[in-house]
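I opened this entry to look up pockets, cores and a few backbone angles. My notes follow in the order I took them.

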Amino acid sequence: MLQQLNSDFETQFQTQPTVNAFAPGRINLIGEHTDYNGGYVFPAAIELGTYGMASLRTDQTIQLYSKNFPEQGIVKVNLNQLDFDASHDWANYPKGVIKYLKEQYPEINRGFNLIFEGTIPNGASLSSSASIELVTGWMINALFELELDKLALIKIGQQVENNYMGVNSGIMDQFIIGLGKEEHAILLDTATLDYTYVPARFGDYVISIMNTNKRRSLTESKYNERRAQCEEALSDLQQQLNITQLCDIDLKTFDQYSHLINDDINIKRARHAIAENERTKLAHAALTENDLHRFGQLLNASHQSLKSDYEVTGIELDTLAETAQQVDGVLGARMTGAGFAGCAIALVHKDSIKQLEQEVSTIYQEKIGYAPAFYHVRISDGMKLITHNS
Ligand code: GLA
């Protein structure tokens, strides 16, 4: 694949790349929609991701090409004109990263060529956008020898989502993609950014990723709406509670004060965030104690809460997760990522993978009318430089 990408680079740009980097995608084991409420998340990087190659130019032109969107051709922009442009489609993600990096690093004073090839299925909630953001930043870091701190780039990725793309997302995706570690998940406290690596060892069980194959629509606006509802709930609670984020309180305190929230929907949204935060801590304890049954039950409870309180699942994700939960050999299943479409994960005994795929496929096709997809991938390292010739 890298050889082919190298020769595509030469075809597109008539020169050789000097930098080659990779950034993974991610799954989130549990801790959904907690990262913009100051709660815990428990994600892991996966071996699907985005490969990129780059070379410096002598002029001020930036050329971007993605093998996933060949119909877009080469997107050409000037280093000094990096504002969002809807017609640039996918290329806005790298453009946003370049814009914010350049604001901080005047060393970025020449144009460059970038090519990308992603192995994450599009719109699958496995973070293809954070993956392309981080691989872009890591290549620029090498091209201009910026000696960037990973956390600084992680924050720039989030800034791109929030201020450039208009999605008010939290920091989970960029964090795990930047700092992931092979065979480990990260337990991240999004209030403090303290984190620990936790061995993602499931013994005879594996994580199966199940893709709804549903085209996402309006995900960004629904996502922003959920975040706004949490903020409204927080500001109602602040009338009597001295807190800065919803996850500052536990469920017991929430139940005592939830009457302050003057909208029934906002009560449900806040309850999900706070309960999910508690489940994430319990799931971490269960995994550490090797209690996979308990871990699986918490996955199921997470899905239920995302379905009824947070209302971000939908019939496709519910069919995948709830069917999987009934299969012999499955300890738990839930949607992963933002929701609405995309993927669910199941913790399944390795001897039951076939059965899971068969049962889920049959029922999903009956109900939804087309087939889901399944992936079994290793938990991998975060972004990395593959080669750098100066
Ligand atoms: C998306 C966002 C993350 C997080 C999840 C939901 O992936 O980018 O910041 O909020 O949704 O947990």
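This is a predicted model: local features need pLDDT of at least 70, side-chain atom pairs count only at pLDDT 80 or more; totals for chains, interfaces and linings use all residues.

Residues are numbered from 1 along each chain as its sequence is written, and side-chain values use heavy atoms, with hydrogens and water left out.

**Largest pocket**

I searched for pockets (on a 1 Å grid over the protein atoms alone, open sets of points where a 1.4 Å probe fits, with protein on both sides within 12 Å along at least five of seven lines; lining residues have an atom within 4 Å of a point). The largest pocket holds about 1300 Å³ of space. I counted 48 lining residues. Tyr-93, Ser-128, Ser-129, Arg-216 and Glu-220 lie nearest the centre. By class, this lining has 19 nonpolar, 18 polar and 11 charged residues. Helix α3 gives the most, with four residues; helices here are DSSP runs (H or I, at least four residues) and strands likewise (E, at least two), numbered from the N terminus.

Where does the largest pocket lie? Domain 1 (2-199 + 379-388) and domain 2 (205-375) both give residues to its lining, so it lies between them. The domain bounds come from an automatic or database domain assignment.

**Second largest pocket**

I noted a volume of about 270 Å³ for the second largest pocket. Its lining has 15 residues, and Val-206, Ile-207, Val-377, Arg-378 and Ile-379 lie nearest its centre. Strand β9 (residues 205-211) gives the most, with four residues. The classes are 10 nonpolar, one polar and four charged. Domain 1 and domain 2 each supply at least three lining residues.

**Nonpolar cores**

I then looked for cores (sets of buried Ala, Val, Leu, Ile, Met, Phe, Trp, Tyr and Cys residues joined through side-chain atoms within 4.5 Å). Buried means under 20% relative accessible area, exposed over 50%, partly exposed in between (1.4 Å probe, protein chains only). The largest core has 50 residues, and Leu-64, Ile-98, Ile-108 and Phe-112 touch the most other members. Its largest share, nine residues, comes from α3. A second, separate core of 41 residues includes Ile-243, Ile-267, Ala-273 and Leu-317.

**Backbone angles**

Asn-290 is not a glycine, yet has a positive phi of about 65 degrees. Asn-290 sits in the loop between α8 (264-288) and α9 (292-308). Buried or exposed? Asn-290 counts as exposed, at 55% relative accessibility.

Key. Grid points are joined across faces, edges and corners, and a volume is the space filled by probe spheres set on the points. Ala, Val, Leu, Ile, Met, Phe, Trp, Tyr, Cys and Pro count as nonpolar, Asp, Glu, Lys and Arg as charged, and the others, Gly among them, as polar.
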